[in-house]
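The following exercises are to be worked with the structure in view. Each task is followed by a solution in steps.

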2 protein chains.
Amino acid sequence: MSKKNRLIYLPLGGAGEIGMNCYVFGYGPEGKERLIVVDLGVTFPDMDGSPGVDLIMPDITWAAENADRIEAIFITHAHEDHVGALGHLWPRLKAPVYARPFTAAIATLKMEEQGQPLDVIRVVKPRPEVVEAGPFKVQFVPVSHSIPESSSLIIDTPAGRIVHTADFKLDGTPIVGEPFNPEEWYRIAREAGGVKVLTCDSTNVFSPLPGRSEATLADPLSELIAAQEGMVVATTFASNVARLKTLAEAGRAAGRSVCLLGRAMKKMITAAVETGVLTDFPAIIPPEEAVEVPRGNLMLIVTGSQGERRAASAQLARGKYLGLEMKEGDTFLFSSKTIPGNERGVIRVMNAFSEMGVDVIDDHNGLYHVSGHANRPDLEAVHDLLAPKILLPMHGEHRHLREHCRIGIAKGIAAELAINGTMVDLTGNEPEVVEFIEAGRTYLDGSVLIGAMDGVVRDRIRMALNGHVLATVILDEEDQPLGEAWVEIMGLSETARSGASLVERIEGELNEFLDTAGDKVLRNDDKMEEAIKRIVRQVSMEEVGKKPEVTVVTSRLVAE
Amino acid sequence: MSKKNRLIYLPLGGAGEIGMNCYVFGYGPEGKERLIVVDLGVTFPDMDGSPGVDLIMPDITWAAENADRIEAIFITHAHEDHVGALGHLWPRLKAPVYARPFTAAIATLKMEEQGQPLDVIRVVKPRPEVVEAGPFKVQFVPVSHSIPESSSLIIDTPAGRIVHTADFKLDGTPIVGEPFNPEEWYRIAREAGGVKVLTCDSTNVFSPLPGRSEATLADPLSELIAAQEGMVVATTFASNVARLKTLAEAGRAAGRSVCLLGRAMKKMITAAVETGVLTDFPAIIPPEEAVEVPRGNLMLIVTGSQGERRAASAQLARGKYLGLEMKEGDTFLFSSKTIPGNERGVIRVMNAFSEMGVDVIDDHNGLYHVSGHANRPDLEAVHDLLAPKILLPMHGEHRHLREHCRIGIAKGIAAELAINGTMVDLTGNEPEVVEFIEAGRTYLDGSVLIGAMDGVVRDRIRMALNGHVLATVILDEEDQPLGEAWVEIMGLSETARSGASLVERIEGELNEFLDTAGDKVLRNDDKMEEAIKRIVRQVSMEEVGKKPEVTVVTSRLVAE
């Protein structure tokens, strides 16, 4: 007797955080559902929690273990937090990847960088084209966002229609890409028995006013740039092709030659031009030419709106970059907002420019930047337009998802707060949590993938907080100390509060211990190590007030 | 022939950053000026730049080397960034410390904590009381700020009058402490030949609207608290005694018992009551009683507005604290703003509360918090009122000081941007930079003071980013390897990309090296170490894509 089919939803990333989006949908008998994966994104490390880590991505162990059930991977748009993990995680899933042309171009770069096959990427046209993936029929619906070709997905299943918004805003004049089309959304809500489930972006749920259009920036930016006398340098997110265009056009209108700096930006522009998304970008000049242009006739558009150390803005803040240099009387514009957590880096860049006499203009009043996400009233408009039975808020921290649920519930929609790892059964009229899957984070650390809970990064954080002491002891064939204990320290003050040498103080105590320790201890590596660690920590605490990490190396000579 | 007397200004902390204020003024012959020090503050470490550090304070080497010339230390108010380093740095300066009663009480705690003498602290009354300190005559002028008894200093010198604002705002109704008194400031500007030099707070120079009074918060806070059904927990800066009072009164007015949680808060309240600054604080109950009060009748006021891990708010976000626990339907209020750089910690607390079903209210629109610093129009009002010849903006990052200079210059005031370490001669009508002194940061790291550039913390950051490999080699009496190389790793993946063991791969390469190395290398510690480090880094890069820090321990057995 076969089990009943069910429709499931399982977020593996992005539900409980802003970043590393990854959502799984399934349909079929329990435990045998055929699956699709929507997005494989990354999030970025920071010194607080993930020092030295290169990228953070969802722990997809569950999906990898069920790779044979995965029909397809869909990428909604080309932001790093939606496509950045593709090259790293695809080898564990090995399903065809569907995306629209611009997104597919970026996805191809991601696969290429990791030496993965490129022919698994299939380019899709927007609705009415349909991708059949097992029991799922999927259509891409163009939506406006801060990158070209962002798409919502219509996922039709035998149990009803799902609309997965992905990242979106309601913009009737998005400069690049398709405007928001309420008639189309109205139709979507009236086909196929209506929308059963809405999985919906929650990023801006706390923004109380309706979002503003990308087009509102053209005039303020043009006026600002026209009013400057020196060189103008503007930064924004590299992938915000519409903004790049608006900035470049404002520069040209002010009689300035425009030069783009930063690899990420050039990659995006190239992909946008090659895929036909961007057809009329103003002429740009290379840096070699830009150095010859008088400052008042020059505008640079650069990467590094978040103060990233290696981006063009930070390079300019440190001095010359590709022959270009900022000077007193120049203007630096952040046409962007600072993502929470990046403040320190951005402020560092601002002050470096201040030291050069450069005027820094940021976006305190939203005059020079608009968000790419739907604000609260926009979310409500979408709820009303689509009239889903079930709402699953996604792409947000816990507080965003919770607030979004509240809005849905107030409208009489059955909303469920499902964070990463929560499997929800959507077969009935109410969402039902059926299982919790181990979800978490995988780190790209150098060239290897490690689990966030593996302890590797925890050890690094501990060394950063406490310092590291290495104690070496050599024992002879009879398990007696040979010579004295040797101590090396790293990340601790050499001089103790008393003025003594920390190393000498520790070595002294260790030698005293070795001199008096009985054979029982000296013969037992574990006991020795435990005792040595205790002594090192105790002396360090007394002398410098810190309890360091300790590594003990006990070398035993063996009779040959 | 005696040299001419001159008046000098030398910021050692706070000019080029917000935090760790420390300003030196001097009068006398060049190089023999008699000195006073204004404030000895700290700033707080972060994982990005100072992991594991306990406190950051100014490098006062110059002042310490000239300690015999220091007549007095003045503390303007009891905020950590003005008094926090007193106990640590006083032993190197050893001058009498002047402060008003509440500030002196906190200063006494700082000295006590570090085992320093308490009788050097002298309690001063506000103007007209005058402290004579060598050539300086100093008066404390009450100003409003976000802590009781904040004071500007009038520093009269043979070369003219200096007004050092310290931290201030213009508040006619500050709830606790003296209101801003424009008549008094008008008089100050007309005595003693007028104000020659204004050293002025720059923190809020980018805030375009006039600052609002502490008193404007009473109604919104009362309405908010009265409207809640569950327990209300509010956090603010522990030292903002006026806010604590407003919050407590709003709680009492809503029929709630009020309980304070957090050591820092209790310390402040105690000092404020004992010094008579606070006379009518509402009745509070201890936590033991609070646990018995129905949630709807209870209000907690807690420390931890910046998401600090050990403060009461973070403890409540993790679970029970002193028997008290937050639950669904409770409300948590941030009556504070997040200091840039603290966003991650604050957001962590917000989401933890969201998971508990607690509603978090923060201060998006300034309804529940006002700043303690003068905004741009307020700064301009002070410039106009005092009409100084010279303006030295202080307490601000470079961008704040620069903007503040501009405002002064636009008014025809001779303004100078002097960052930490810049000695300015104020004898003439124009400020003149005469010397650059080595200035920087001193870290309290555990119980020892270390220089920020000593390399200790740099090594910790490197270990956090790169991991740490320890390689041990033992050589016998003839400088031949005894046994095999031994490698330990910390903070690196044990398994390489290839699946091999990283330790085994490194050990294998090291043993191969030892087997083939000539005597010339084996007999030379430096050459050995260099070669081993190179091999470790190379193998690590190949296997896990990281270049670790490497410590090599070479043990040579000696013939007995």
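**Exercise 1.** In which loop of chain A is Pro128(A) found?

*Solution.* The model is a predicted one. Pro128(A) belongs to the loop that runs between S8 and strand S9 (131–133) of chain A. The peptide bond from Arg127(B) to Pro128(B) is cis, its omega being near 20 degrees, and Pro128(B) has its place in the loop between strand S8 (121–123) and strand S9 (131–133) of chain B. As background, most residues other than glycine have a negative phi, and most peptide bonds are trans.

**Exercise 2.** Determine where Ala387(A) lies, what its phi is and how it is classed by accessibility.

*Solution.* Begin with the location: Ala387(A) sits in the loop between helix H12 (376–386) and strand S19 (390–394) of chain A. Its phi is near 45 degrees, a positive value in a residue other than glycine. Ala387(A) has a relative accessibility of 48% and therefore counts as partly exposed. A further case is found in chain B, where Ala192(B), which is not a glycine, has a positive phi of about 50 degrees. Ala192(B) is in the loop between helix H5 (182–190) and strand S13 (195–201) of chain B.

**Exercise 3.** Describe the surroundings of Glu543(B).

*Solution.* Second, classify it: buried means under 20% relative accessible area, so Glu543(B), at 9%, counts as buried. Third, examine its side chain, which is joined to that of Ser498(B) by a polar contact of 3.1 Å. Fourth, list the contacts. Leaving aside neighbours within four places in sequence, Glu543(B) is in contact with Ala496(B), Arg497(B), Ser498(B), Leu502(B) and Arg505(B), and also with Ser447(A) and Val448(A).

**Exercise 4.** Characterise the aromatic pair of Phe74(B) and Phe140(B).

*Solution.* A pair of aromatic rings is described by the distance of the centres and the angle of the planes. Over all chains the count comes to 16 aromatic pairs. For Phe74(B) and Phe140(B), the centres are 6.1 Å apart and the planes make an angle of 50 degrees, which is a tilted pair. The pair links distant parts of the chain, 66 residues apart: Phe74(B) lies in strand S6 (residues 70–74) and Phe140(B) in strand S10 (residues 136–142) of chain B. Both residues, Phe74(B) and Phe140(B), are buried. Another tilted pair is that of Phe180(B) and Trp185(B), at 6.0 Å centre to centre and 50 degrees between the planes; Phe180(B) and Trp185(B) are both buried.

**Exercise 5.** State how chains A and B are related and what they bury between them.

*Solution.* Chain A can be laid on chain B, with an RMSD of 0.1 Å, by a turn of 180 degrees and a shift of 0.0 Å along the axis. The two copies are therefore related as by a two-fold rotation axis. The same surface serves both copies, since 100% of the contact residues of chain A recur in chain B. In number, 65 residues of chain A are in contact with 65 residues of chain B. The two chains bury about 5800 Å² between them, with 59% of it on carbon and sulfur atoms. On the side of chain A, Met47(A), Arg344(A) and Met490(A) lose the most area to chain B, together 12% of what that side buries.

Technical notes
Residues are numbered from 1 along each chain as its sequence is written. Chains are lettered from A and ligands numbered from 1 in the order in which they are written. This is a predicted model: local features need pLDDT of at least 70, side-chain atom pairs count only at pLDDT 80 or more; totals for chains, interfaces and linings use all residues. Side-chain values use heavy atoms; hydrogens and water are left out. Buried means under 20% relative accessible area, exposed over 50%, partly exposed in between (1.4 Å probe, protein chains only). A polar contact is a pair of N or O atoms within 3.5 Å; within protein, one must be able to donate a hydrogen and the other to accept it, and residues adjacent in sequence count only if both atoms are side-chain atoms. Contact means heavy atoms within 4.5 Å. Rings of Phe, Tyr and Trp (its six-membered ring) pair if their centres lie within 6.5 Å; planes under 30 degrees apart count as stacked, over 60 as edge-to-face and the rest as tilted. Helices (H or I, at least four residues) and strands (E, at least two) are DSSP runs, numbered from the N terminus. Copies are superposed by least squares on the C-alpha atoms of residues with pLDDT of at least 70 in both. Buried area is the accessible area (1.4 Å probe) that two parts lose on being put together, summed over both.
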